[in-house]
Amino acid sequence: MSSIGTGYDQSTTTFSPDGRVFQVEYANKAVDSSGTAIGIRCPDGVVLGVEKQKLSKMMVDGSNRRVFTVDKNSGMAVSGLMADARQVVNHARKESASYSDFYGGPIPGNVLCDRIAGMMHTYTLYWYVRPFGASVLLASYAEEGPQLYSVDPSGLSYRYFATAVGKNKNAAKSALEKLDLTTLTCRAAVIEVAKMLYSQHDPAKDKPLEIELSWVCDETKRMHQLVPADLKAEAEAAAKAAREAMDED
């Protein structure tokens, strides 16, 4: 019975007989059923991209954001429950502002990642709270150079050259492994991310797709910003053309 969580999934403080914490696993499932988020670290910066389904034709383009600026040099892409993810973003912003006030400089990416991971892990330790149903990708470009991190609901964090979270993460990771990340520029990475997000979208079955792209790179003077509209349009056109070519084959 322990394999299905019966009696052992009522609290994050209860382990099953085989050593599992079902509440954390359920939080991971919430992420796996959400939109895909992709991050690529390039020699000149980091690119983030997320997919969003348009839930209504009346919804304004650009609303329901899944990419956020933490401070000048850092940004986050989120996947999972948006209400949970916003609290993680707000905590990251507070930690960044606190570090800057105390030390007089921007927070390093590894320090910010550790503080986010610590907070998310804390919410798996007490019976009166639940884990965050969200994973985040953190992009940072400070004195240490471009960095990309991922934090999952359990509080585990890793540093990556490229990674993906969300429902199509496995297909995205397979595509990322085929890229030459030692020579890929951020401009080229924007197009690659858009292709990956569109490649898993089926217009016949899924709702209309909207993608959100951001970067922090040398071109932006190490400031996290949304990708310019002209480059985003170019990336979407290339992605749609690649998708049409896949359908023809």
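In strand β6, Ser 150 is the bridge partner of Leu 137. Strands here are DSSP runs (E, at least two residues) and helices are H or I runs of at least four, numbered from the N terminus. The model is predicted: local features need pLDDT of at least 70, side-chain atom pairs count only at pLDDT 80 or more, and totals for chains, interfaces and linings use all residues. Residues are numbered from 1 along each chain as its sequence is written, and side-chain values use heavy atoms, with hydrogens and water left out.

β4 (residues 74–80) runs antiparallel to β5, joined by 7 bridges. β6 (residues 145–151) is also antiparallel to β5, again through 7 bridges. Two strands count as paired if DSSP finds at least two bridges between them. β5 and β6 make a hairpin, with 2 residues between them.

## Cover on β5

Of the 9 residues of β5, 9 are buried. Buried means under 20% relative accessible area; exposed is over 50%, and partly exposed lies in between (1.4 Å probe, protein chains only). Both faces are covered. One side carries Ala 134, Val 136, Leu 138, Ser 140 and Ala 142. The other carries Ser 135, Leu 137, Ala 139 and Tyr 141.

## Phe 132

Phe 132 sits in the loop between α3 (109–122) and β5 (134–142). Its relative accessibility is 8%, so Phe 132 counts as buried. Beyond neighbours within four places in sequence, its contacts (heavy atoms within 4.5 Å) include Asp 84, Met 119, Tyr 123 and Pro 153. Ala 27 is another contact of Phe 132. These two are 105 residues apart in sequence, yet their C-alpha atoms are 6.6 Å apart.

## The open sheet

5 strands form an open antiparallel sheet in the order β8-β1-β2-β9-β10. β8 (162–165) and β10 (225–226) are at the edges with a single partner strand each, so one side of each has no neighbour in the sheet. β1 (residues 37–42) pairs with β8 over 4 bridges, in the antiparallel sense. Within that pair, Ile 40 has Ala 162 of β8 as its bridge partner.

## The whole chain

The protein chain has 6 helices and 10 strands. Of its 249 residues, 49% count as buried. Among contacts with a separation of 6 or more, 62% join residues 24 or more positions apart. The C-alpha trace spans about 50 × 50 × 40 Å along its principal axes.
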